[in-house]
Amino acid sequence: MSADARATAAVGTLGAAHPRLRPPLGIVAGGLMLLALTGATVLAPVLLPTDPNAQDLNTMLQPPSAAHPFGTDNYGRDVLTRVLYGAGIDLRIGVLAVVFPFIFGSLAGAVAGYAGGWADTLVMRAVDVITAVPFMVLVIAIVAFLGPGETNILVAIGAVDWIIFARLVRGEVLREKNLEYVAALRAFGFGRWRIIFRHILPNAIAPAVTFLASDIVLVILTASALGFLGLGLRPPAPEWGLMIAEGRTFMYTAWWVATMPGFACMFAGIGFILVGDGLADLLRVRGQ
Amino acid sequence: MLRYTLGRIGQMVPIAVFVTVLIFLLIKLVPGDPASAILGDRATDASVRALRHQWGLDRPIWEQYALYMRNLATGNLGQSLRYQTPVTAMLPRRTGVTFFLIIYSLLLSVLIAVPLALLAALYRNRWPDHVIRSFMALPLASPPFWIGILLLIVFALKLRWLPAEGYGEGFTDHLQHLFLPALTLSYAFASVLSRNLRSSLIDVLTTTYTDFARAKGLRGRTVLFGHVLRAAMLPIVTLVGVRLSYAIGGSVVIETVFAIPGLGSWMVDSILSRDYVVVQTLTLMFALGTMLINLTTDLVYPLFDPRVRVG
């Protein structure tokens, strides 16, 4: 029996003894939802031959039908096509926007928690100040001054969102640094940075990783709110929030224009939440 | 208690000062010159210079900040370029509207969350629990403004039960006009509230003092409402403070959906018309409001939990 096979067998018995070590249903379901959405977005140009911005004034504001499953909008554009192209935009913003906050916030939190002293004061006072302004208000305010557009949305969210990760990781590092293995590493004469980044951070990062999924949802909702307010992407971009704003004008006569993009957003959101919750369960079991 | 109160206020002051610095610096984010950005392409050099001078943009940055702080301290919150009126003229009425909306949604959230959390906790891991938890998870994944539009389509446009937008005149009229927006805000709020209250209730239900209360022969309802719910509400008080900050942020978008003349819709209008001074002042108002709420929850908490008062 090869080493790999032995490992697989061991995991197999472990899985049977601890049923929760198998990937939880949530991760599978959520993962499939996200896979379906990303797949549909990638394949949209092949599956749906029309351009998301192709106008057809003969088919304006038509209710959902076989030809247009989600109906058409006031320019006769196919809402399903736009919703799927929109997934490309909103998911991209969601994933891109959390990269900087996750990396910077985790590092700032780790250094603040381990070093203490003025580094901790500096980071935590910055966190306090940013926390004092409601998240949405501060992001809107920053975009208001920077101007609309995708890059500015990413900048605004990045400037505010990192504090969540800093707080999470700092709390974990504070707990970890008093454990015996850290004392042992210090006794071995390991340097401070090596202890933080090679040993403490990998143990302290789990809650931040788990939070990533919820954060992506938060970012997508924020970006769509900016689009809705006219501070996000510019028309005719098929961004979900912008589409909801455009559909609002016709909500009495053509409810589908404003509602369909919202369902897509909810679908993506539930997918990420299921994956995040499943991941949290999995890490909690591992930790025990 | 006095020392506790003063200590909390003392912690807040430096944060408030740095918040003013942060908000003051926002104007520096404007690409290029803010004065020409506001006045547009057709502005003359002279008018741009005049505005720069009026705002002190031609002075060193620390002098600009000192000027900003002096204005704040003397109650001069700036002048709306669009309406040519001081911000303070519109502030009290608009603040009142937003305050009404937030408190209304807070009350609705509690009315929704408490019964649902009780049901979910008592029927833990059975179908009522699953249904409630799934239903209350939806707002975490959906844009609040979209939920507002759905409510608007169903209850205001199709069924015609409630007004679609505006604020109305008089208290009962306000209650009617703000019902859908408050419900929209409270759905997200109640979602988090019921989730936490459920687990907090489950914790309390399994404590020995709950068993003791039952063993004393108290009726089930007395134990549930007099003992269990009271103890389970404790961790929720702090949560209310945190979530109110989200509700305030959400109100900016929801006020726009329902055309409510509060601070949020004013902020969005001002952004779209590049009325930068108003945007800065409103951001500051939102921040101060949030800090005040957090201070209040910190100070109210000991009233609910005698254990903190001693410490």
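Buried residues (20 or more other C-beta atoms within 10 Å of their own, C-beta atoms being placed from the backbone) make up 46% of the 288 residues in chain A. The model is predicted: local features need pLDDT of at least 70, side-chain atom pairs count only at pLDDT 80 or more, and totals for chains, interfaces and linings use all residues. Residues are numbered from 1 along each chain as its sequence is written, while chains are lettered from A and ligands numbered from 1 in the order in which they are written.

Chain A has 11 helices and 0 strands; helices (H or I, at least four residues) and strands (E, at least two) are DSSP runs, numbered from the N terminus. Its C-alpha atoms fill a box of roughly 80 × 55 × 25 Å along the principal axes. Of the contacts in chain A with a separation of 6 or more, 69% join residues 24 or more positions apart, a contact being two residues whose C-beta atoms, placed from the backbone, lie within 7 Å.

In chain B, helix H4 (residues 61-73) has 13 residues and should span 18 Å at 1.5 Å a residue, which agrees with the 18 Å between its end C-alpha atoms. The expected span is 1.5 Å times one less than the number of residues. Just after H4(B), B:Gly75 takes a positive phi of about 80°.

Helices H5 (residues 87-122) and H6 (residues 127-141) of chain B pack at about 140°, with axes 8 Å apart. Axes are lines fitted to C-alpha atoms, for helices over the stretch in contact, and angles run from 0 to 180 degrees between N-to-C directions.

| Helix | Residues in the contact |
|---|---|
| H5(B) | B:Leu116, B:Leu119, B:Ala120 |
| H6(B) | B:Pro128, B:Asp129, B:Ile132, B:Arg133, B:Met136 |

These residues divide into 6 nonpolar, no polar and 2 charged. Here Ala, Val, Leu, Ile, Met, Phe, Trp, Tyr, Cys and Pro count as nonpolar, Asp, Glu, Lys and Arg as charged, and the others, Gly among them, as polar.

The contact between the chains takes 39 residues from chain B and 38 residues from chain A. On the chain B side, the largest share, 8 residues, comes from H11(B). That side divides into 32 nonpolar, 7 polar and no charged residues.

Methods:
A residue is buried if 20 or more other C-beta atoms lie within 10 Å of its own, exposed if 12 or fewer, and partly exposed in between; C-beta atoms are placed from the backbone.
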